[in-house]
Amino acid sequence: MVQRYDAVVVGAGGAGLMAALQLAGKGNVAVLSKLYPTRSHTGAAQGGIGAALGNLEEDHWEWHMFDTIKGSDYLADQDAVEVLCREAIETVYDLEHWGLPFSRTAEGKIAQRPFGGHTKEFGKAPVRRSCYAADRTGHMILQTCYQQCIKHDVHFYNEYHVLDLLVEQGRCGGVVALCLATGEIYTFQSKAVLFATGGCGKMFHVSSNAHSLTGDGMAVVYRRGIPLEDMEFFQFHPTGIYKMGILLSEAARGEGAILRNKLGERFMERYAPTLLDLAPRDMVSRAIYREIREGRGIDGKNYVYLDMTHLGKEVLDKKLPDITDFVRTYLGIEPLTQPVPVQPTAHYAMGGIPTDIEGRVVIDEKNTPLPGLYAAGEVACVSVHGANRLGTNSLVDILVFGRRSGRHALKFIQENDWVPLPARADELARALVSQVLNSTGKERAADIRDTLQDEMMEKASVFRDAQGLAALREKLRELRDRYRHVKSEDHGVCYNTELQEVLELGCLLDLAEVLVESAWARQESRGGHYREDFPKRDDAHWLKHTLAYQSPRGIELKFKPVVITKFQPTERKY
Amino acid sequence: MQVTLKIKRFNPEKDKDAWWGEYKIDAEPTDRLLDALNHVKWYLDGTLTFRRSCAHGVCGSDAMQINGSNALACKLLLKSLGQTITIEPLRGYRVIKDLLVDMDAFLAKYRSVKPYFITQGPDPEKERLQSPEDREKFDDTTKCILCGACTSGCPSFWADGDYLGPAAIVNAHRFLFDSRDEGGEQRMEVLNTLEGVWRCRTIFNCVEACPRDINVTRAIGEVKKALLYRKV
């Protein structure tokens with residue numbers, strides 16, 4: 001079955017919906033989601049969207065730009081960061097014009113609060129830059145964007161799982177997707193395709209990510225010979241609920257919450273004297289891991305405390321209601337009177353599908369675009385976050401680049417025609433599916449996934465070294481072999497979610513291999529990538545982006561330079 | 001601890017009628033019910049089908065009947081559910097497979113109340129101002145995640161499938177009581193009907209079911225009052 005559209009957006013979170021809104025009514029566009037749009041993980045984002053509105057104190061986008069670049073450990077492309085920070089301001093006003101119910105100041109303006117790594121005057125002191133709606137900013141953004149899509153009659157294909165990207169004559173041809181409801185495979189012929197499929201946190205055992213975040217978009221594009229950029233940089237958010245990984249927003253620390261070890265000490269005083277608990281996430285996560293290693297975890301175990309007991313009922317009820325609820329529901333703890341057990345949780349992929357600042361996917365070190373192919377949001381690597389992302393910058397990223405890529409795609413579809421597709425364009429997709437359904441293997445997908453997640457957590461999370469990564473490479477090869485013999489019990493066509501999970505596991509395995517290969521090659525520490533055997537940042541050799549290509553000889557790595565405009569790299573201290 | 005899950009199963013490709021599957025598993029008291037369902041799917045019966053995503057109560061995917069009441073599977077801990085747990089799909093919607101129901105009718109009702117910001121005139125350069133007091137008036141109803149627990153658990157909806165339902169009304173409330181929105185009249189047309197707010201019998205099942213602790217019945221009451229007095 002072949003459907004024809006001018007543009008197809010894959011993924012219906014903030015980036016996908018924003019892109020769709022640029023195209024709605026102006027071109028024939030379809031949005032494919034493997035969920036329903038409001039189930040997308042944008043809705044889980046809590047803390048806020050960073051923009052230099054200056055509603056409570058003086059602020060400038062140049063300061064935001066500096067903070068983002070320093071926060072990225074100088075790996076972010078500065079031209080892209082400038083776009084991000086400049087356009088953040090109008091983006092937030094646009095959201096408000098669409099009705100987003102921001103929390104308000106006494107004067108009735110959009111309320112802003114401090115957040116990790118955000119400073120005034122190029123690092124002097126924390127600044128209130130995070131625009132928030134209680135601690136459900138992501139929920140409000142997702143709802144508001146979806147509401148606008150309803151208003152503008154955007155066409156959705158819900159519960160369609162993308163299996164393959166079609167590239168013909170070096171141009172984007174469309175995608176092939178599995179309709180979960182019927183098991184039928186659809187070919188979507190399209191002039192432009194925009195991937196906004198989010199991250200891949202489910203590679204790790206403890207993650208803040210939804211079950212659906214298995215990196216499908218990254219894997220699908222990678223399998224067509226397009227490189228993935230900076231995959232070694234994965235962010236571990238310092239405050240996930242112990243064992244469960246559920247996110248407790250940095251906003252808590254923005255409102256004054258303090259991290260304490262078993263001695264009750266505010267240990268961040270030793271690691272980041274200026275920003276303390278609001279230092280960038282990679283630094284806080286490493287600090288927590290170090291405290292635990294040195295025996296100062298609570299009860300000697302592998303967690304520390306997030307202390308909100310001094311914040312008062314007013315703050316918890318009005319500014320942090322959702323995370324207060326999480327703590328009460330999942331831990332049975334009362335945050336008003338008891339400290340909360342937290343540990344770092346796999347949270348965000350800084351790397352992904354490489355794009356330029358228009359959101360066009362670029363396929364080599366010279367940034368050659370593949371005509372018609374776009375990516376935006378967490379799935380993409382522009383790169384605005386470099387080696388580490390600041391809090392509140394993801395919500396900005398998805399909307400700014402969702403909009404830019406949508407606008408560029410609109411121009412593209414107006415100026416270009418479809419690429420003819422071969423007769424059996426869906427061949428690869430059908431093979432993927434039948435391989436699983438016809439498997440006579442005995443391996444349970446869950447067993448392979450459990451091992452993958454445990455090994456990645458142990459050897460490729462906050463601290464890495466050559467030995468661990470080498471062992472992990474071997475392990476991944478073994479898992480890859482076992483994956484070939486995965487059994488599936490469900491052979492039906494209607495909502496075969498078991499088939500879906502097996503396909504998703506295949507994506508995770510591909511991406512884990514890329515992450516490990518990239519991490520093993522990068523012999524330095526920068527941002528979220530920390531090598532115990534190479535603990536220093538090495539700009540002379542490593543101030544560059546990694547590009548990982550799938551090839552018959554294994555994974556090939558190439559590199560491309562970082563774009564530096566306004567801020568020369570210096571030591572990152574807080 | 002050992003728990004027994006009694007799950008209502010139905011495979012449209014094989015079954016004429018629904019049947020009960022029973023699964024005994026070892027679990028921790030602090031595990032979520034969703035964890036238990038995943039355990040069954042991953043290690044015992046791969047055909048068990050249900051929707052899920054965020055696993056912490058914000059996406060609304062896994063609303064279902066648990067021991068007779070609607071809830072999100074990821075927000076209930078096993079220790080609160082007893083040794084034998086009965087799990088069925090949401091009531092009032094066509095069961096497609098196992099615990100997965102057809103949500104399209106539910107979403108169509110949501111769309112019918114024009115759940116998007118409506119203003120006349122041009123946008124200001126910066127934000128429209130709104131006092132914290134005004135913001136508070138509709139805070140509760142901004143929380144809706146469209147999980148379906150309320151509408152599916154409403155006896156008025158069971159009796160009359162054309163009833164707009166609590167969720168749609170909550171989402172209309174969110175705009176009606178937003179001091180910046182100017183689309184009140186348009187929405188009143190849909191709400192001020194027999195199948196609109198007037199089908200509500202103040203039964204309160206919606207309040208019990210809502211995983212976001214929205215006071216749904218109060219919101220519906222506020223909309224009724226606004227309709228009666230033609231002011232918000």
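**Two chains, residue by residue**

Modeller: Apart from neighbours within four places in sequence, Leu164(B) is in contact with Lys109(B), Ile169(B), Glu195(B) and Gly196(B); a contact requires C-beta atoms, placed from the backbone, to lie within 7 Å. This is a predicted model, in which local features need pLDDT of at least 70 and side-chain atom pairs count only at pLDDT 80 or more, while totals for chains, interfaces and linings use all residues. Residues are numbered from 1 along each chain as its sequence is written, and chains are lettered from A and ligands numbered from 1 in the order in which they are written.

Biologist: Is Leu164(B) buried or exposed?

Modeller: Leu164(B) sits in the loop between helix 5 (155-159) and helix 6 (166-176) of chain B; helices (H or I, at least four residues) and strands (E, at least two) are DSSP runs, numbered from the N terminus. A residue is buried if 20 or more other C-beta atoms lie within 10 Å of its own, exposed if 12 or fewer, and partly exposed in between, with C-beta atoms placed from the backbone. Because Leu164(B) has 26 C-beta neighbours inside 10 Å, Leu164(B) counts as buried.

Biologist: How many C-beta atoms lie within 10 Å of Asn302(A)?

Modeller: Asn302(A) belongs to the loop between helix 8 (281-293) and strand 13 (304-307) of chain A. Not counting residues up to four places away in sequence, Asn302(A) touches Ile292(A), Gly297(A) and Gln343(A). Asn302(A) is partly exposed, because the number of other C-beta atoms within 10 Å is 16.

Biologist: What is the radius of gyration of chain A?

Modeller: Chain A contains 16 helices and 20 strands. For its 574 residues the globule rule gives 25 Å, and the value for chain A is close to this, so chain A is as compact as a globular protein of that length. The rule is 2.2 Å times the number of residues to the power 0.38, and the radius is taken over C-alpha atoms. For chain A, that radius is 22 Å.

Biologist: How are helix 3 and helix 11 of chain A oriented towards each other?

Modeller: Helix 3 (residues 78-97) and helix 11 (residues 393-415) of chain A pack with their axes 9 Å apart, at an angle of about 85°. Axes are lines fitted to C-alpha atoms, for helices over the stretch in contact, and angles run from 0 to 180 degrees between N-to-C directions. Angles under 35 degrees count as roughly parallel, over 145 as roughly antiparallel, 65 to 115 as roughly perpendicular and the rest as oblique. Helix 3 of chain A is therefore, relative to helix 11 of chain A, roughly perpendicular.

Biologist: Which element gives the largest share of the side of chain A that touches chain B?

Modeller: The contact takes 40 residues from chain A and 41 residues from chain B. On the side of chain A, the elements that give two or more residues are helix 3, helix 4 (137-151), helix 10 (321-331) and helix 15. The largest share, 6 residues, comes from helix 4 of chain A.

Key
Contact = placed C-beta atoms within 7 Å.
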